[in-house]
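This short report walks through one structure, part by part. Take a look at the sequence and the model before reading on.

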Amino acid sequence: MKILQTRYLIFFLVMLIVPGAVSYFGGWDRTIDYLFVLKAFSIAFFITVLYYLLVKNYSERVN
């Protein structure tokens, strides 16, 4: 099972956009600077790896 599959890349892009948009429109982060982008990438990477491990663990249990 590879992490560079299409579903994980799409999930990464969604996780890159959604938390940043919620943070910006919610009023927590009003300036978009390098820290905002770094935080968005770190959240997206962390959640995507967790999702990958969850799917991998589930697929190993089923088979």
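## Asp29 in the loop

Asp29 counts as buried, because its relative accessibility is 17% (buried means under 20% relative accessible area, exposed over 50%, partly exposed in between, with a 1.4 Å probe and protein chains only). Asp29 sits in the loop between α1 and α2. Helices here are DSSP runs of H or I with at least four residues, numbered from the N terminus.

What does Asp29 touch? Leaving aside neighbours within four places in sequence, Asp29 is in contact with Ser23, Tyr24, Phe36 and Lys39 (contact means heavy atoms within 4.5 Å). The side chains of Asp29 and Ser23 are joined by a polar contact of 2.8 Å. A polar contact is a pair of N or O atoms within 3.5 Å; within protein, one must be able to donate a hydrogen and the other to accept it, and residues adjacent in sequence count only if both atoms are side-chain atoms.

## How the model is read

The model is predicted: local features need pLDDT of at least 70, side-chain atom pairs count only at pLDDT 80 or more, and totals for chains, interfaces and linings use all residues. Residues are numbered from 1 along each chain as its sequence is written, and side-chain values use heavy atoms, with hydrogens and water left out.

## The salt bridge

A search of the whole structure finds one salt bridge (a side-chain nitrogen of Lys or Arg within 4 Å of a carboxyl oxygen of Asp or Glu). Lys39 and Asp29 form this bridge through their side chains, at 2.7 Å from N to O. The pair links distant parts of the chain: Lys39 is in helix α2, Asp29 is in the loop between α1 and α2, and they are 10 residues apart. Lys39 counts as partly exposed, because its relative accessibility is 38%.

## Helix α2 and its cover

Helix α2 covers residues 34-62. Its 29 residues reach 42 Å from first C-alpha to last, close to the 42 Å expected (1.5 Å times one less than the number of residues).

Which residues of α2 are buried? They are Phe36, Ala40, Ala44, Thr48, Tyr52 and Val55. Their cover includes α1.

## Phe11 on helix α1

Phe11 lies in helix α1. Phe11 counts as partly exposed, because its relative accessibility is 22%. Not counting residues up to four places away in sequence, Phe11 touches Ile47, Thr48 and Tyr51. Phe11 and Thr48 are 37 residues apart in sequence, yet 6.7 Å apart in space, C-alpha to C-alpha.

Technical notes: Helices (H or I, at least four residues) and strands (E, at least two) are DSSP runs, numbered from the N terminus.
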